Amino acid sequence: MTAVLVSVALAAGCGVASRAQDAGDGGSAQPGANPSKGPAGPVPAGLEKFYQQQPDWERCGSGSQCATITVPLDYSKPAGETIELRARKVPARDRTGKIGTLFINPGGPGASGVEFAGAASFVLGSSLLRKFDVVGWDPRGVGDSTPVKCLDTEQLDAFIAADGSPDDEAEITALNTQAKTLAEGCRQRSGKLLPHVSTKDAARDIDVLRGIVGDSELYYLGMSYGTYLGATYAELFPKNVGRLVLDGAVDPSNTAEQNNMAQAKGFDTALEAFAADCAARSCRLGGSKEEVLAKVDKLLTESDATPLPGNGDRNVPQALVVLGVIFPLYLKDYWPRLEDAVVDGLAGNGSRLLALADEYTDRTPRGYTTNANEVIYAVNCVDRQDITSIADAKADAAKYQAASPRFGAFLLWGSLACANWPVKAEDKPHPIKAPGAKPIVVVGTTRDPATPYEWAVGLAGQLESGVLVSRDGDGHTGYNEGNDCVDNAVETYLLQGTAPTADLKC
């Protein structure tokens with residue numbers, strides 16, 4: 001189930017509240033920063049018609065405008081086939097003093113930027129909403145843009161619920177069958193798009209968007225996987241970097257194995273923090289951290305042998321129990337929901353765990369509302385090489401078990417889809433330095449379950465102009481999570497262009 005577990009920003013922005021506090025607005029608009037018509041800044045040769053588009057922004061909800069943008073399917077063949085990107089704009093409240101356009105990405109890969117922009121008043125502080133047009137878009141392959149399509153609801157249910165910690169050859173074969181079903185479904189239904197959904201392709205799309213809105217430099221806030229997308233943009237277009245905030249950072253130098261094991265440990269760390277907090281509150285799971293963890297482990301072990309009853313139509317096997325446990329770790333406000341779900345699960349009722357797993361995977365009674373569970377594989381499998389065979393997984397099993405007895409197997413065996421993927425990985429892990437870029441702010445949270453803090457340290461250290469802002473806290477990502485120190489640093493930088501002069505601890 002790796003790709004589901006690694007959909008690291010599906011919860012980014014959940015439950016946050018807008019703040020009245022401002023960091024200052026940086027004065028009036030910068031001369032020439034946002035003319036009424038694009039393009040602005042450099043335009044790569046052969047791509048002029050894309051940068052010169054005039055999108056037809058139409059009202060699409062209260063205070064929002066939406067448009068469809070055309071980009072090349074293959075940037076090496078700009079005269080060839082094209083695909084569409086769907087974007088949502090929330091116009092700046094201060095039209096005369098507007099700084100420019102702030103592009104926002106919630107991560108995934110596979111999360112919808114259109115929906116993220118629709119929640120801009122909860123995601124961003126009021127000072128940013130006043131001084132920036134806010135634009136979110138569905139990256140190529142995602143949602144309302146030209147989408148990756150692979151499986152129907154019944155097939156995706158079976159794939160997500162497959163036993164992600166196989167104990168014998170029969171369970172390994174069954175898991176591999178599900179992995180092949182996903183890979184083949186993507187090949188049959190999206191074969192033309194699959195080679196062109198890499199992070200580099202998506203980063204090139206961002207530059208087209210930047211040109212279209214008329215900004216000579218990019219203003220950007222990327223969460224989780226969105227940090228990898230933003231860092232890749234800086235690598236490809238360092239001179240076009242204006243103000244980039246990369247929050248909940250991914251380390252681009254990590255191999256898939258390093259990412260998987262670090263993330264497994266990250267979920268362990270977050271679960272231990274939950275257990276300590278639960279015990280301190282004299283919760284129903286025990287009076288000590290160890291007792292709470294033992295209860296969670298009992299639930300995980302027993303559900304591997306016997307699925308829990310769910311909502312009447314669906315049972316809750318171990319894979320869904322794991323997702324139900326992991327999802328609330330993204331946001332500390334959800335910890336009481338985790339307590340309730342584990343208590344019910346131990347009593348033989350898996351309905352709360354199923355509800356959490358469904359919320360994590362965008363499952364409703366009518367089916368899946370997004371294609372994020374498929375996109376995450378499509379992007380990850382083409383971005384970097386993962387395990388190539390069952391033999392690889394078996395060889396690594398002991399290492400993953402040692403790294404995280406609780407979650408390691410799920411992160412390892414979830415990679416089988418990439419072993420069967422019809423498109424070869426086009427890139428290799430490497431440090432991103434982005435020489436010549438203006439200061440880039442990287443935000444890391446010390447007990448982030450999905451993007452471990454050391455990843456933020458790694459990315460900030462690689463970027464020649466990187467500055468690290470550290471939040472001592474729980475949950476996924478750091479901005480707008482109740483830490484004024486982080487929020488002021490981020491907003492001062494985006495509004496005034498002033499990054500912290502040295503790494504900042506909050």
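Q: Which backbone oxygen lies 3.3 Å from a polar atom of the Arg 95 side chain?
A: The backbone oxygen of Ala 92. A polar contact here is a pair of N or O atoms within 3.5 Å; within protein, one must be able to donate a hydrogen and the other to accept it, and residues adjacent in sequence count only if both atoms are side-chain atoms.

Q: What kind of model is this, and how are residues numbered?
A: This is a predicted model, where local features need pLDDT of at least 70 and side-chain atom pairs count only at pLDDT 80 or more, while totals for chains, interfaces and linings use all residues. Residues are numbered from 1 along each chain as its sequence is written, and side-chain values use heavy atoms, with hydrogens and water left out.

Q: Back to Arg 95. Which side chain does its side chain make a polar contact with?
A: That of Asp 133, at 2.7 Å.

Q: Where is Arg 95, and is it buried, exposed or in between?
A: Arg 95 is in the loop between β3 (82-90) and β4; helices (H or I, at least four residues) and strands (E, at least two) are DSSP runs numbered from the N terminus. Its relative accessible area is 45%, so it is partly exposed. Buried means under 20%, exposed over 50%, and partly exposed in between, with a 1.4 Å probe and protein chains only.

Q: And Thr 451, what does its side chain touch?
A: The side chain of Asp 448, in a polar contact of 3.0 Å. Thr 451 sits in the loop between β12 (440-447) and α19 (453-462), and is buried because its relative accessible area is 2%.

Q: Switching to rings: how many aromatic pairs are there in the whole structure?
A: The search finds 11. Rings of Phe, Tyr and Trp (its six-membered ring) pair if their centres lie within 6.5 Å; planes under 30 degrees apart are stacked, over 60 edge-to-face, the rest tilted. Phe 103 and Trp 137 form an edge-to-face pair, 6.2 Å between centres and 85° between planes.

Q: Which strands hold those two, Phe 103 and Trp 137?
A: Phe 103 is in β4 (residues 100-105) and Trp 137 in β5 (residues 132-137), so the pair ties together parts 34 residues apart in sequence. Phe 103 and Trp 137 are both buried.

Q: Which residues do ring pairs link into a cluster?
A: Phe 267, Phe 327, Tyr 330, Tyr 334, Tyr 360 and Phe 407.

Q: Last one: how many of the residues in α12 are buried?
A: In α12 (residues 318-326), 9 of 9, including Gln 318 and Gly 324.
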